Amino acid sequence: MKKATKRGRIDKQSWKPGNVLSPLPVVLVTCGGTAAWKPNIITIAWTGSVCSDPPMLSISVRPDRYSYEIIRTTGEFVVNVPSLQQAKVTDWCGMVSGRKVDKFAETGLTPAQALKVQCPIILESPVNIECVVRETLNLGSHTMFVAEVIAVQVSSALLDAKGKFRLEKAGLLSYCLGQYFALGPSIGRFGFSVQKRGPANRGRGPKR
Ligand SMILES: Cc1cc2nc3c(=O)[nH]c(=O)nc-3n(C[C@H](O)[C@H](O)[C@H](O)COP(=O)(O)O)c2cc1C
């Protein structure tokens, strides 16, 4: 790879340490749906993939959230990826508590049965990731639930004629320093920086 040419000075400011990692996904996490807990939805931006095999992800939740107690006691949740159309309900579910309102009833989002966990999925979300908590880490302001993905559902409407899942067709949402953004068009696929033209490299998927 050619080195970027040095032109001029790049000035920097020093900020106090904080969470500036951006952009982040923003997701609707569903929980509850048991005899003891009604179904609830919490908006979470502090989430990430943490392991490929077994597939694992994490969410970080403040202990004063209504959802915290539900997830801690049931050990289950579903990460529902919102579409761009769901940007407003995504924000709203992060503004009100399930202690006071039924977020499914108020938003009109449809709770549907998950494949392996008791809490519902959000039917309208293009991707639903069912999770079982494996580790609970009390980190300070937030508790991180590290969870194994035990089932995944995707919307069939997003499969193209060749059966490839085209999530971008749903319209994707991200969160960046307090603002929501629509994801723009693809500017390259995994490995494009080293990819040689020709059939040998075509169709290679990422391995992480
Ligand atoms: C964009 C956005 C991202 C958020 N991310 C988190 C998060 O990562 N962790 C968290 O504990 N709360 C987060 N919140 C706040 C909760 O979603 C909010 O307090 C919610 O009302 C809690 O709902 P509950 O009391 O029904 O659990 C976020 C809110 C918004 C709007």
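Student: How do the residues of the shell around the ligand divide into nonpolar, polar and charged?

Tutor: This is a predicted model, in which local features need pLDDT of at least 70, side-chain atom pairs count only at pLDDT 80 or more, and totals for chains, interfaces and linings use all residues. Residues are numbered from 1 along each chain as its sequence is written. Ala, Val, Leu, Ile, Met, Phe, Trp, Tyr, Cys and Pro count as nonpolar, Asp, Glu, Lys and Arg as charged, and the others, Gly among them, as polar. Here the shell holds 10 nonpolar, 7 polar and 4 charged residues.

Student: Which residues are the closest to the ligand?

Tutor: A residue belongs to the surroundings if its C-beta atom, placed from the backbone, lies within 6 Å of the molecule. Of the 21 residues that surround the ligand, the closest are Tyr-66, Ser-67, Gly-94, Ser-97 and Gly-98.

Student: Which strand supplies the largest share of the shell?

Tutor: Helices (H or I, at least four residues) and strands (E, at least two) are DSSP runs, numbered from the N terminus. E3 gives the largest share, 4 residues.

Student: Is Gln-179 buried or exposed, and why?

Tutor: A residue is buried with 20 or more other C-beta atoms within 10 Å of its own, exposed with 12 or fewer, and partly exposed in between, C-beta atoms being placed from the backbone. Gln-179 counts as exposed because it has 9 C-beta neighbours inside 10 Å. Gln-179 lies in strand E12 (residues 179-182).

Student: What is the order of the strands in the open sheet?

Tutor: Two strands pair if DSSP finds at least two bridges between them. The order is E1-E11-E12, with antiparallel pairing.
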